[in-house]
Amino acid sequence: MTIAVLGGGAWGTALAQVIASGDRPVTLWARESEVVEAVNGAHENPLFLPKIPLSPLIRATSDLGEIAGAEAVLVVTPAQHMRSVLRGLAPTGQALILCAKGIEAGTLKLLHDVAHEEHPDSPIAVLSGPTFAHEVAAGLPTAITLAAGDEAQAKALAALIARPTFRPYVSTDLAGAEIGGAVKNVLAIACGVVEGAGLGQNARAALIARGFAEMTRFGMARGARPETLAGLSGLGDLVLTCSSTSSRNFSLGVGLGQGKSARDLLSDRRTVAEGAATAPVLVEAARAAGVDMPIAEAVCALLSGEAEVGAVVERLLTRPLSAEVRA
Ligand SMILES: NC(=O)c1ccc[n+]([C@@H]2O[C@H](COP(=O)([O-])OP(=O)(O)OC[C@H]3O[C@@H](n4cnc5c(N)ncnc54)[C@H](O)[C@@H]3O)[C@@H](O)[C@H]2O)c1
Ligand SMILES: O=P(O)(O)OC[C@H](O)CO
């Protein structure tokens, strides 16, 4: 049976490639007709994942109806578009594996809750971890967290998608697997700012550690387990995206740190920097949960143009001294 992938961006295409490497036919749904044509004709996706020859076992379509017969569906749209795309999918009870990283604006809901609302009869899983799409598509070794509410379900889905260089570790902590990926994107922007503003490597290490403390506080307030946040989908992904210009979120932060405006930096992008969409939602969700997240607040202020880099850094450094670990 085929496995379906919803979303023909870099990550959806890379996941289709890794699944197809196990001799599995993959149906890839893409919004852009040029992606559908290029995947089916030239076996490539020059729009979102250039220079990677794709498996002929991947067949692209723009018809959501063609997803109906698949054994499982990997949902790889940007987080803010996930609900509308899922709404167009027939309610067949297929397992949905969510691969986007974010929190829904307006409702402040995690994506597994959104998916459950739209497809109450489908088992829901979350795939997250340190995964640059171009490395996964090139077959480089990668490990991920695969969480489902039920352990047997998580194991079955892990067996379905595991490949020699793509190694899932199972979990039953859906909230933990999701929150790590959503929050690290915002922290990656902050680390990029440190780089762009030339604040040094000590500052970046401090941001990673204090950012992880924010992630843990927020995660636990929303029901995540701290050990999940310390794993691949939390700390693992945080380290990856806070240390490489391959990260779109980190790169956005570099531009902000150099004094460019978020509007200019985001205006000519076709690709997503999810942290920019997540930051205001995360700050709102943290305030609603009574959780202090000064780094996320700082990123938000920079993105909105409310404050400049110098002021934001000064605000962070002049906060009252406090214990490293809060009771
Ligand atoms: N690229 C990666 O390395 C990577 C790795 C792990 C997770 N992710 C996550 O996967 C998700 C998708 O990212 P990506 O890198 O594949 O995207 P991308 O930046 O490569 O491509 C943008 C995607 O957004 C889609 N899109 C734009 N407007 C849309 C709309 N109105 N409705 C539905 N879809 C729309 C486009 O069709 C395209 O698929 C994000 O949540 C991202 O954080 C990405
Ligand atoms: O390029 P980024 O910053 O969206 O990061 C991609 C993945 O989330 C890394 O795990």
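This is a predicted model: local features need pLDDT of at least 70, side-chain atom pairs count only at pLDDT 80 or more; totals for chains, interfaces and linings use all residues.

A: Residues are numbered from 1 along each chain as its sequence is written, and chains are lettered from A and ligands numbered from 1 in the order in which they are written.

The protein chain is divided into domain 1 (3-172) and domain 2 (178-317), with bounds that come from an automatic or database domain assignment. Both domains give residues to the shell around ligand 1, so the ligand lies between them. A residue is near the ligand if its C-beta atom, placed from the backbone, lies within 6 Å of it, and of the 25 residues around ligand 1, those that come nearest are Gly9, Trp11, His81, Ala100 and Thr271. By class, this shell has 12 nonpolar, 9 polar and 4 charged residues, where Ala, Val, Leu, Ile, Met, Phe, Trp, Tyr, Cys and Pro count as nonpolar, Asp, Glu, Lys and Arg as charged, and the others, Gly among them, as polar.

The element that gives the most to the shell is α1, with 3 residues; helices (H or I, at least four residues) and strands (E, at least two) are DSSP runs, numbered from the N terminus. A residue is buried if 20 or more other C-beta atoms lie within 10 Å of its own, exposed if 12 or fewer, and partly exposed in between, with C-beta atoms placed from the backbone. In α1, 11 of the 11 residues are buried, so this helix is largely enclosed by the rest of the structure; among them are Trp11, Leu15 and Ile19. The loop between α1 (10-20) and β2 (26-29) holds aspartate 23, which counts as exposed because it has 8 C-beta neighbours inside 10 Å. Aspartate 23 also has a phi near 60 degrees, a positive value in a residue other than glycine.

In strand β7 (residues 142-148), 5 of the 7 residues are buried, so the strand is largely enclosed by the rest of the structure. Two strands pair if DSSP finds at least two bridges between them; strand β6 (residues 124-128) and β7 run antiparallel and are joined by 4 bridges, whereas β7 and strand β8 (residues 166-171) pair in the parallel sense over 6 bridges.

A nonpolar core is a set of buried Ala, Val, Leu, Ile, Met, Phe, Trp, Tyr and Cys residues joined through C-beta atoms within 7 Å, and in the largest one, of 108 residues, Leu282 and Val299 are among those that touch the most other members. Helix α7 (residues 174-196) supplies the largest share of this core, 14 residues. Not counting residues up to four places away in sequence, leucine 282 touches Ile103, Ala182, Val183, Val186, Met293 and Ala296.

How values were computed. Two residues are in contact if their C-beta atoms, placed from the backbone, lie within 7 Å.
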